[in-house]
Amino acid sequence: MIKPQNAFNDLVASVGLSTTDVASIAGVTTRAVYHWQSGKTAPPQSLLLLLQAIMQGKVTREWIDDQLATQPPKQEKKT
């Protein structure tokens, strides 16, 4: 049985995005992405749909790169 986090990790790897890129696209911190990667929490369905659209060529990697260039990643809160 394939674990959900493995499927998420495989999907992210197949589109060639970094953890920071995924965080920027999703509007979250990298910590949230690490939780998704480990299986601690599930990634949003909307993010999974976007990653699948990128993989299928329905959304171009160039468009994603343009969006990432204009949207800085969220910063971790200092405690």
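Please keep in mind that the model is predicted. Helix α2 spans residues 19-26 and packs with α5, residues 61-70, and α2 also packs with α3, residues 30-38.

**α2 with α5**
- The axes of α2 and α5 lie 10 Å apart and cross at about 80°; angles of 65 to 115 degrees count as roughly perpendicular, so α2 and α5 are described that way.
- On the α2 side, D21, S24 and I25 make the contact, and their partners in α5 are R61, I64 and L68.
- Sorted by class, this contact of α2 with α5 holds three nonpolar, one polar and two charged residues.

**α2 with α3**
- Here the angle is about 110° and the axes of α2 and α3 are 8 Å apart, and this pair is therefore roughly perpendicular too.
- From α2, the residues T19, T20, V22, A23 and A26 meet T30, V33, Y34, W36 and Q37 of α3.
- By class, the α2 contact with α3 has six nonpolar and four polar residues, and no charged ones.

**Helix α4 and what follows**
- Helix α4 covers residues 45-55, and its buried residues include L47, L48, L51, A53 and I54.
- Just after α4 comes G57, with a positive phi of about 80°.

**The loop glycine G16**
- G16 sits in the loop between α1 (4-15) and α2.
- With a relative accessible area of 44%, G16 is partly exposed.
- G16 and I54 are 38 residues apart along the chain, and their C-alpha atoms are separated by 10.0 Å.

Notes:
Residues are numbered from 1 along each chain as its sequence is written. This is a predicted model: local features need pLDDT of at least 70, side-chain atom pairs count only at pLDDT 80 or more; totals for chains, interfaces and linings use all residues. Side-chain values use heavy atoms; hydrogens and water are left out. Axes are lines fitted to C-alpha atoms, for helices over the stretch in contact, and angles run from 0 to 180 degrees between N-to-C directions. Helices (H or I, at least four residues) and strands (E, at least two) are DSSP runs, numbered from the N terminus. Angles under 35 degrees count as roughly parallel, over 145 as roughly antiparallel, 65 to 115 as roughly perpendicular and the rest as oblique. Contact means heavy atoms within 4.5 Å. Ala, Val, Leu, Ile, Met, Phe, Trp, Tyr, Cys and Pro count as nonpolar, Asp, Glu, Lys and Arg as charged, and the others, Gly among them, as polar. Buried means under 20% relative accessible area, exposed over 50%, partly exposed in between (1.4 Å probe, protein chains only).
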